[in-house]
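Please take a moment to look over the sequence and the model that follow, and then read on. The paragraphs below lead from one part of the fold to the next.

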Amino acid sequence: MSHCVRPRRLIVLCCAALALAGSAGPGLAQAPQQPAGQQGAAQPKPAAKPPAPQPAAQPLKDPVVAIVNGQPIRLSELEVAQQSLPQQYRNMPLQAVFPALLDRIIDSKLVVQEGKKNKVNEDPAFKRRMVFVEDQVLQDFWIQREIARLVTAEKLQKRYEERLKAIPSEDEVRARHILVSTEDEAKALIADLKKGAAFDKLAKEKSTDKASGAEGGDLGWFKKSDMVKEFADAAFNLKKGELSDSPVKTQFGFHVIKVDDRRQSPPPAFEEMADQLRDELAREAVTGQLDLMRSNAKIEKFAMDGSKPDAPAAKPAAPAAAPARPANAPPAPAAPK
């Protein structure tokens, strides 16, 4: 540190110390008297106060995430751009698509800057396109707002309850199977099972269907239409707890089947049908609003060249029917030969 800076720093420190002393309470303004034998001894320094904790810096709500030739790109631009991506990317967290989406917007900014430099935005064709794009965006916003206004939770629940009445209940079974290549293998398994062998143990050891075999042969709940005909017929002919007496042959091999339980199929949960029902109600709501607007609007259509379409030619009037002859009228003269 230079000699000219050091005295200044000492002065500043001394002033700060005096200010602290002056701001102390009256009991601390004057140092206590020291015993006679200790006068002149070094005074103990009071412990320094710990610095007050500073509030953590709050993250910006819309931070700048890139700068392209002096033009900032904010996080909100990426949020808007994500909504133009395919559905599977729209539902992902923004951080999952952030790097690729940021590069896409950077490229877009570069092209836009170059376009403005070349005055592309002054081209009449560009201006017509912008009017069309603005109309499309406005249309999308209107549709989404109408859907939010008209497609309510109450309407969804009502449609769900109506749909359940139209869905018939079906028989379901929960069954296990062991699949093997030959009929003799299947017969041997049936014999072992009748002697008391554990079905799940044999399924894990012997079944060529490794997926269900790992679960002890369990296939879960299924309807008759879910399985190939031969398998379904055999499974649905068994009662709860019954084992097939003979192997069941299908295109996959030979099955040993055991039915664990039977039931009527439960109705689909609301969550399973919510998206489909919401789409139906949204289409109905928008179509209804469009029909209403059309009925209240004056609409004229023209031909491709802008001319009025020709009025359809009037159909020629049907010839008047000949008057009926009286019953006592003389016969008409025969035509000359």
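A crossing of two helices is called right-handed if the near helix is turned clockwise from the far one by less than a right angle, and left-handed if it is turned anticlockwise. With that in mind, one can turn to helix H7 (residues 183–194) and helix H8 (residues 199–206), where H7 passes H8 in a right-handed crossing. This is a predicted model, and in it the axes of H7 and H8 come within 10 Å and cross at roughly 155°. Angles over 145 degrees count as roughly antiparallel, and H7 and H8 are therefore roughly antiparallel to each other. On the side of H7, the residues that make the contact are Leu189, Asp192 and Leu193, and they meet Phe199, Leu202 and Lys206 in H8. Sorted by class, the residues of this contact between H7 and H8 comprise 4 nonpolar, no polar and 2 charged.

The protein chain has 337 residues, of which 20% count as buried, and it contains 11 helices and 6 strands. Among the contacts in the chain between residues at least 6 apart in sequence, 61% join residues at least 24 apart.

The strands come next. In general, strands of a sheet pair through backbone hydrogen bonds, either parallel or antiparallel. Here, 4 strands form an open sheet in the order S4-S3-S6-S5, and the pairing is antiparallel. The edge strands are S4 and strand S5 (248–250), each of which pairs on one side only. From one strand to the next, the twist averages 45°.

How much of S3 is buried? Of the 10 residues of S3, 7 are buried, so this strand is largely enclosed by the rest of the structure.

The axes of helix H5 (residues 124–150) and helix H11 (residues 270–295) come within 9 Å and cross at roughly 115°. Angles of 65 to 115 degrees count as roughly perpendicular, and H5 and H11 are therefore roughly perpendicular to each other. The crossing of H5 and H11 is right-handed. In H5, the residues Trp142, Ile143, Glu146, Ile147, Arg149 and Leu150 meet Ala282, Ala285, Val286, Gln289 and Met293 in H11. By class, the contact of H5 with H11 has 8 nonpolar, 1 polar and 2 charged residues.

H11 also holds methionine 273, which is buried, with a relative accessible area of 8%. If its neighbours within four places in sequence are left aside, methionine 273 is in contact with Tyr160, Arg163, Ile167 and Pro268. Methionine 273 and leucine 156 lie 117 residues apart in sequence, and from C-alpha to C-alpha they are 9.7 Å apart in space.

Two loop residues close the tour. Most residues other than glycine have a negative phi. Asparagine 69, however, has a positive phi, near 50°. This asparagine 69 has its place in the loop between strand S1 (64–68) and strand S2 (71–74), and it is exposed, with a relative accessible area of 67%. Lysine 119, too, has a positive phi, near 60°.

Terms used. Residues are numbered from 1 along each chain as its sequence is written. This is a predicted model: local features need pLDDT of at least 70, side-chain atom pairs count only at pLDDT 80 or more; totals for chains, interfaces and linings use all residues. Side-chain values use heavy atoms; hydrogens and water are left out. Axes are lines fitted to C-alpha atoms, for helices over the stretch in contact, and angles run from 0 to 180 degrees between N-to-C directions. Angles under 35 degrees count as roughly parallel, over 145 as roughly antiparallel, 65 to 115 as roughly perpendicular and the rest as oblique. Contact means heavy atoms within 4.5 Å. Ala, Val, Leu, Ile, Met, Phe, Trp, Tyr, Cys and Pro count as nonpolar, Asp, Glu, Lys and Arg as charged, and the others, Gly among them, as polar. Buried means under 20% relative accessible area, exposed over 50%, partly exposed in between (1.4 Å probe, protein chains only). Two strands pair if DSSP finds at least two bridges between them.
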